[in-house]
Amino acid sequence: MNVMLKRERGSQMSLTVLGSIVNSSLVTLKDGQILVIDTGGTAEDGKQVYERATAMGPVAFVLNTHEHADHLGGNKFFDCPVIASAPARSAMGKYNQELYPLPDISFSDGLTLYLGEPVELQLQGGHCPGVSTIYFPERKLLFVGDLVFNGRMPYMGVADFRLWIDNLAKLETWDVDEVVPGHGPLGGRDILKKQRQWLEAFVADIKDWQAAGHSQEEMFARVLEKHETPDRWHDMVKSAIRLVIEQYR
Ligand SMILES: [Zn+2]
């Protein structure tokens with residue numbers, strides 16, 4: 001695979017985002033230590049994230065934005081403590097622990113790391129139960145994991161749509177210049193709004209089609225007409241339709 005360097009800025013306090021399927025970020029702290037946020041879609045990608053990170057400096061912590069395996073591929077290579085939210089850690093319990101060892105530290109609502117500057121982890125939920133934000137207030141830099149898929153359909157197979165939409169609306173009010181999504185290119189605060197509006201439109205479509213008497217199968221066909229949908233996500237879309245109907249009764 002090609003690790004694509006999406007962004008590298010400054011030599012001090014730099015941010016490197018490596019992305020192929022999924023974004024992994026390397027943040028250089030003031031003392032030269034490295035913070036790794038998500039570790040790649042596969043073990044092969046994860047190895048490259050590990051090698052890149054350790055070449056940059058000692059790795060202080062690995063932070064996982066959430067429990068989905070495509071963000072955990074390289075966790076097993078790192079010796080440092082791995083941190084994720086409690087619901088994320090609990091969901092990771094279903095994976096093979098040799099491939100995806102459980103995080104060493106978990107938090108229920110939030111956790112602030114003081115690493116020369118505050119790094120605020122906060123449980124959000126919506127995309128999945130364990131999804132959290134990682135916020136660097138002094139840099140106005142926000143990592144949102146899969147709360148944002150920039151430029152493509154989001155994975156909604158286990159979504160809590162109301163919570164997801166509400167959380168994006170809340171994050172839009174934070175003092176942030178740069179947002180790193182779970183998938184797709186970095187952006188400004190606008191990518192939070194774009195994702196919220198996309199989800200609101202998706203929910204509104206399902207509600208409209210339901211009011212017009214469409215079956216779930218017909219709704220599925222309309223989603224495929226309207227949105228570019230990878231074949232492997234057909235079941236995901238069917239689940240998402242069912243979830244909207246259940247959650248907006
Ligand atoms: Zn995800």
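In the hairpin of β8 and β9, which has 3 residues between its strands, Gly116 takes a positive phi near 80°. The model is predicted: local features need pLDDT of at least 70, side-chain atom pairs count only at pLDDT 80 or more, and totals for chains, interfaces and linings use all residues. Residues are numbered from 1 along each chain as its sequence is written. Helices (H or I, at least four residues) and strands (E, at least two) are DSSP runs, numbered from the N terminus.

**The hairpin**

- Strands β8 (residues 110-114) and β9 (residues 118-123) run antiparallel and are joined by 5 bridges; strands pair if DSSP finds at least two bridges between them.
- Tyr114 stands opposite Pro118 in β9.

**Helices α3 and α4**

- Helix α3 (residues 161-171) packs against helix α4 (residues 190-211) at about 155°, with axes 9 Å apart; axes are lines fitted to C-alpha atoms over the stretch in contact, and angles run from 0 to 180 degrees between N-to-C directions.
- That makes α3 roughly antiparallel to α4 (over 145 degrees; under 35 is roughly parallel, 65 to 115 roughly perpendicular and the rest oblique).
- Residues of α3 that meet α4 include Trp164 and Leu168, and those of α4 include Leu199 and Glu200 (contact means C-beta atoms, placed from the backbone, within 7 Å).

**Helices α5 and α6**

- The axes of helix α5 (residues 216-226) and helix α6 (residues 234-247) come within 10 Å and cross at roughly 120°.
- The two helices, α5 and α6, are therefore oblique to each other.
- Gln216, Met219, Phe220 and Val223 in α5 meet Val237, Lys238, Ile241 and Arg242 in α6.

Key:
Two residues are in contact if their C-beta atoms, placed from the backbone, lie within 7 Å.
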